[in-house]
Amino acid sequence: MSSALGIDVGGTGIKGARVDLATGELLSDRVKIATPEGAHPPDVLDVVQNIVSTLEHTGNEPIGVCFPAVVTHGRTRSASNVSQEWLDFPADDYLTEELGQTIRMVNDADAAGFAEATLGAAHGVDGLVILTTLGTGIGSAFLMDGVLVPNSELGLLEIDGELAEKRAANSAREREGLSFEEWATRLTRFYTHVETLFSPELFVVGGGVSSSHDKFFPLVQARTPLVPARFLNNSGIIGSALLATRPGD
Ligand code: BGC
């Protein structure tokens with residue numbers, strides 16, 4: 001059986017597990033550590049190292065890491081919910097050097113989308129599937145006939161004069177104490193805007209709150225069907241592991 005470690009760096013928590021690459025099943029407990037204040041690169045690295053050793057990493061097992069930022073050519077290019085030091089930062093090289101093996105970093109929603117297209121809710125769906133993660137921010141992944149088109153960043157769309165993720169992320173629901181009905185009105189505005197722009201076949205929804213999908217999906221009024229991610233909040237871990245051995249751009 002081949003396995004890899006997947007590590008999902010989020011705005012509030014950093015999570016990791018050993019993943020069966022054929023099925024996406026977690027082969028270990030999920031280790032979760034709070035994201036260090038400010039999410040500076042050396043502090044994030046410390047937590048990643050801690051997770052890797054807790055998971056009893058064996059030398060030749062691949063490690064994939066996903067991160068809440070645009071990632072192109074191994075560099076992190078944005079920093080909405082993390083330290084500004086990640087702007088144009090050589091993340092692949094930094095982690096590769098510090099962890100002593102080749103690491104590929106990808107955007108967190110892209111990792112989740114890749115997992116869902118390979119083994120989950122978007123598997124076998126033709127046309128455009130858009131995965132969104134509702135968490136600290138809103139992440140997005142475009143999957144065209146199962147092929148990932150990276151770094152779509154729909155959470156940074158400006159809608160009614162505000163960033164979509166500032167109004168409609170799960171963190172906005174928590175911060176403002178919104179009821180699911182109130183939050184669903186904001187989600188409806190977001191998803192209908194996105195479907196006007198891109199006409200997807202399907203929305204797949206991930207992030208921690210996706211396990212409570214029955215509380216808000218019926219309240220979101222969009223033409224496009226919404227389904228929960230098969231791997232719920234573990235899609236990022238699983239997709240990072242699946243992408244760990246693939247060559248980067
Ligand atoms: C970032 C995205 C990320 C999303 C979810 C946004 O703030 O810009 O890159 O995918 O949060 O973590």
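At what angle do helix 3 (residues 108-119) and helix 8 (residues 235-243) pack?

1. Basis. This is a predicted model, in which local features need pLDDT of at least 70, side-chain atom pairs count only at pLDDT 80 or more, and totals for chains, interfaces and linings use all residues. Residues are numbered from 1 along each chain as its sequence is written, and side-chain values use heavy atoms, with hydrogens and water left out.

2. Helix 3 and helix 8. The packing angle is about 80°, and the axes of helix 3 and helix 8 lie 7 Å apart. The two helices are therefore roughly perpendicular to each other (65 to 115 degrees; under 35 is roughly parallel, over 145 roughly antiparallel, the rest oblique). Axes are lines fitted to C-alpha atoms, for helices over the stretch in contact, and angles run from 0 to 180 degrees between N-to-C directions. Helices (H or I, at least four residues) and strands (E, at least two) are DSSP runs, numbered from the N terminus.

3. Five strands form an open sheet in the order 10-9-8-13-14, with mixed pairing; strands pair if DSSP finds at least two bridges between them. Strand 10 (147-149) and strand 14 (226-228) are the edges, each with a single partner strand, so one side of each is left without a neighbour in the sheet. On average, neighbouring strands are turned by 30° against each other, direction ignored.

4. Strand 8 and its partners. Strand 8 (residues 128-134) runs parallel to strand 13 (residues 202-206), joined by five bridges; isoleucine 130 has phenylalanine 203 as its bridge partner there. Strand 8 runs antiparallel to strand 9, with seven bridges, and these two strands form a hairpin with three residues between them. Leucine 134 has isoleucine 138 of strand 9 as its bridge partner.

5. Burial of strand 8. Seven of the seven residues of strand 8 are buried, so the strand is largely enclosed by the rest of the structure. Buried means under 20% relative accessible area, exposed over 50%, partly exposed in between (1.4 Å probe, protein chains only). Leu128, Ile130, Thr132 and Leu134 point one way, and Val129, Leu131 and Thr133 the other.

6. Threonine 35. This residue lies in the loop between strand 3 (31-34) and helix 1 (41-54). Threonine 35 counts as buried at 13% relative accessibility. Not counting residues up to four places away in sequence, threonine 35 touches Gly10, Gly11, Thr12, Gly13 and Ile14.

Terms used
Contact means heavy atoms within 4.5 Å.
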